[in-house]
Every structure is written in C-alpha cells, then in structure tokens.
Amino acid sequence: MGKFIYEGGVRTEFDDRVLSHLQVAIGTKLRRNEPFYFTWHGDPSTGGGRTTVWVHAAASLVFTYYGGRSAKINRTWLEALMRTANSPLGLQVVAEPPDDGGAEMLA
C-alpha cells in the first residue's frame with residue numbers, strides 16, 4: 001500500500017498500482033495548469049467517509065510507494081481517471097478496465 005500525502009497533513013493509502021495511475025493523472029492535470037478536486041472514500045475499517053482536496057500547482061503532494069517496481073500504466077484506465085478529473089466533481093478512483101494493449105512503464 002502506497003501513501004498519498006496532501007499539504008503535509010491529509011494522508012491516505014492506495015494500492016501501489018492505483019497510486020501510480022493517480023500520479024500520472026494528477027501530474028497531467030497540473031502540467032496543464034488545471035486545478036481540480038480529488039475525492040476518495042476512506043477505508044471502511046476506520047469509519048469510511050469521504051475526503052476531498054483542491055489540487056493546484058502550489059500544493060505539496062507526496063506519492064510514497066511500498067514496492068520498488070514501477071507499474072505498467074493502463075492507458076484505458078488513465079483515460080477513465082482523466083474523464084473524472086475533468087468533471088465538475090473532480091478526480092475519483094474508478095475500477096480498472098481491461099487494458100486495450102496500450103500499456104507502458106511509468107519511468
């Protein structure tokens with residue numbers, strides 16, 4: 001389980017594979033200078049709930065991975081994540097669809 005840390009205070013855990021895809025989606029939006037909301041649901045073991053942060057170019061973001069290997073990026077999944085990021089509700093984790101064959105390694 002990797003960690004996403006926002007502004008040094010808000011922390012949550014995601015599977016390394018999910019976190020890799022989130023990193024690419026978030027990085028893409030920020031490179032385009034497009035701030036957005038990012039919403040996730042808490043772990044049911046800690047009461048669940050929902051957290052939303054406003055992600056912008058000046059925000060301090062940390063992606064910490066448990067494993068040492070880079071994930072293969074599923075372009076179909078990345079496109080689905082980007083569609084949510086471009087919506088009024090902002091980026092949300094969606095289930096990984098089958099890879100259409102356009103996967104590549106994240107450097």
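## Contacts of Thr39

Contact here means heavy atoms within 4.5 Å. The structure is a predicted model. Not counting residues up to four places away in sequence, Thr39 touches Arg50, Thr51 and Thr52, together with Leu89, Leu91, Gln92 and Val93. Thr39 belongs to strand β3. Its relative accessible area is 9%, and because the limit for a buried residue is under 20%, Thr39 is classed as buried. The side chains of Thr39 and Thr52 are joined by a polar contact of 2.8 Å.

## The sheet and helix α1

Strands β4, β3 and β7 form an open sheet in the order β4-β3-β7, with mixed pairing. The edges are taken by β4 (50-55) and β7 (91-92); each has a single partner strand, so one side of each is left without a neighbour in the sheet. Helix α1 (residues 16-31) packs on this sheet and touches β3, β4 and β7. The direction of α1 makes about 160° with that of β3.

Strand β3 (residues 36-41) and β4 run antiparallel and are joined by six bridges. Within this pairing, Thr51 of β4 is the bridge partner of Trp40.

## Phe38 in strand β3

Phe38 is also placed in strand β3. Its relative accessibility is 0%, so Phe38 counts as buried. Leaving aside neighbours within four places in sequence, Phe38 is in contact with Phe4 and Phe14, with Leu22 and Ile26, with Thr51, Thr52, Val53 and Val55, and with Leu91. Phe38 and Thr51 are 13 residues apart along the chain, and their C-alpha atoms are separated by 8.2 Å.

## The largest nonpolar core

The largest nonpolar core comprises 22 residues. Phe38 is among the residues with the most contacts inside this core, as are Phe4, Phe14, Leu22, Ile26, Val55 and Leu91. At least two residues of the core are supplied by each of β1 (2-6), α1, β3, β4 and α2 (75-85). Helix α1 gives the most, with six residues.

Phe4, another of the residues with the most contacts inside the core, has its own set of partners. Leaving aside neighbours within four places in sequence, Phe4 is in contact with Val10, Arg11, Thr12, Phe14 and Leu19, with Ile26, with Phe38 and Trp40, and with Leu61, Val62 and Phe63.

Terms used: Residues numbered from 1 in each chain as written. Predicted model: local features only at pLDDT ≥ 70, side-chain atom pairs only at ≥ 80, totals over all residues. Heavy atoms only, no water. Pairing = 2+ DSSP bridges. Helix = DSSP H or I, 4+ residues; strand = E, 2+ residues; numbered from the N terminus. Axes fitted to C-alpha atoms, helices over the stretch in contact; angles between N-to-C directions. Buried < 20%, exposed > 50% of the residue type's maximum accessible area, 1.4 Å probe, protein only. Polar contact = N/O pair within 3.5 Å; in protein donor to acceptor, adjacent residues only side chain to side chain. Core = buried A, V, L, I, M, F, W, Y, C linked by side-chain atoms within 4.5 Å.
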